[in-house]
Amino acid sequence: MSSAWLLPEHIADVLPAQARRLEELRRGLLDMARGYGFELVMPPLLEHLDSLLSGTGHELDLRTFKLVDQLSGRTLGVRADSTPQVARIDAHLLNRAGVTRLAYCGPVLHTRPQGPLATREPLQFGAEIYGHAGLEADLEVMDLALDGLRAAGLGDLVIDLADARLVRGVLDGVALDAAALGEVIAALAAKNSARLEALAAGFPAEARSGLLALPLLYGDGATLAAARERLPARPMIHAALDDLAWLASHLARVHPDVRVGFDLSDMGGYSYYSGTRFAVYAPGAADALLRGGRYDEVGAVFGRNRPAVGFSADLKVLVACAPVPPQRRAIRAPWSEDQALRQAVRRLRSEGETVVCILPGHEHEGQEFDCDRELVAADGPAGKTWTLRAL
């Protein structure tokens, strides 16, 4: 039996009902981002590999498909994340001096799925602010992220805050090569205290105790007070905790329906985060619906080390978690060469209505539209006319 119709593992077609929901969500989020002042950009699907992976670390390298360009002989990569591309656009193509707000939405490709049921072709939506180092930019992208999830129909949201500076502050003065640091980060991400204890066996006492405390520092507002007691008293750590407290207080006032929490050892997502980080969760989702944070160093390799903060989400995940909307209301019309009918159909469509013309022999077939009205013929003084009738 032929298997030519089979797709690769963790790659799937998007069928009509889900495609409509994805497209409506994409349009809604991009319109919302525009309302915040974000400009749309469309980076290419593939680039030279050295540009695509600049400054992103080993994790993104492993997720990136590579191929050889038949024109130049250089190695190309299919993007696994759009953030480095948008940083390149800000640094080299726009090259603005002030604040730049950029949004994007497009497919990315992963060499491996991030979970047992995950797709390898996420539809990534993101928004990023360049050129402002203050927490006002961090708060703005969090506001947009939460407003966007609400617009998708998601409720009971939880936003967990963290900061990459905490780990750097705890490990300050500890000599670690890239491989050893990667092991520590992986153990923190898995909250594997036994592994952390083994890795930190030779660390100075202050760094070792702080590192072992990080996986235990999660929960509500009391987490920050506990962190001030258990983590080393270093300026970088105090600055990070102060910033998290400021963000939490503002989020609680503006989004009283969102529970604000902390997970100070959260290492999920890409390794380029340099400051505050956040992840948003909702009931029914096995992992974070979106992740974001500050990544001030991501543009350095492009010659402009600009402050940057943003977030990204997979719209396929959001659609799967959001409530299913009702079928779109539509009008059913018979197919006919009658000019009055054809004019009525064109007029209704120009007014924004969905009119489904039933082709001959297909009167009883279904589709994703809820036809609650139909065009019917009526004889009048001026001849045949077509009017709407409720079904």
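**A helix and its cover**

A: Start with the cover: β8 (218-219), α11 (235-254) and β9 are among the elements that cover the buried residues of α10. Cover here rests on contact, meaning heavy atoms within 4.5 Å. The model is predicted, so local features need pLDDT of at least 70 and side-chain atom pairs count only at pLDDT 80 or more, while totals for chains, interfaces and linings use all residues. Residues are numbered from 1 along each chain as its sequence is written, and side-chain values use heavy atoms, leaving out hydrogens and water.

Now the helix. α10 spans residues 222-230, and its buried residues are Thr 223, Leu 224 and Ala 227. Viewed down the axis of α10, they sit within an arc of 95 degrees, so they line one face of the helix. The arc is taken from the directions from the helix axis to the C-beta atoms. Buried means under 20% relative accessible area, exposed over 50%, and partly exposed in between, with a 1.4 Å probe and protein chains only. An α-helix has 3.6 residues a turn, so residues three or four places apart point the same way.

Next, the whole chain. The protein chain holds 13 helices and 16 strands. Helices (H or I, at least four residues) and strands (E, at least two) are DSSP runs, numbered from the N terminus. Of the 391 residues in the protein chain, 46% are buried. Among contacts with a separation of 6 or more, 67% join residues 24 or more positions apart. Along the principal axes, the C-alpha atoms fill a box of roughly 95 × 55 × 50 Å.

Aromatic rings also link parts of the chain. Rings of Phe, Tyr and Trp (its six-membered ring) pair if their centres lie within 6.5 Å; planes under 30 degrees apart are stacked, over 60 edge-to-face, and the rest tilted. The count comes to 2 aromatic pairs. Phe 125 and Phe 311 form a tilted pair, 6.1 Å centre to centre with 55 degrees between the planes. Phe 125 is in strand β6 (residues 123-130) and Phe 311 in strand β12 (residues 308-314), so the pair ties together parts 186 residues apart in sequence. Phe 125 is buried at 3% relative accessibility. Phe 311 is buried too, at 5%.

Tyr 273 and Tyr 295 have ring centres 5.9 Å apart and planes at 50 degrees, so this pair is tilted. Tyr 273 lies in the loop between β9 (259-263) and β10 (276-281), and Tyr 295 in the loop between β11 (290-294) and β12, 22 residues apart. Both tyrosines, Tyr 273 and Tyr 295, are buried.
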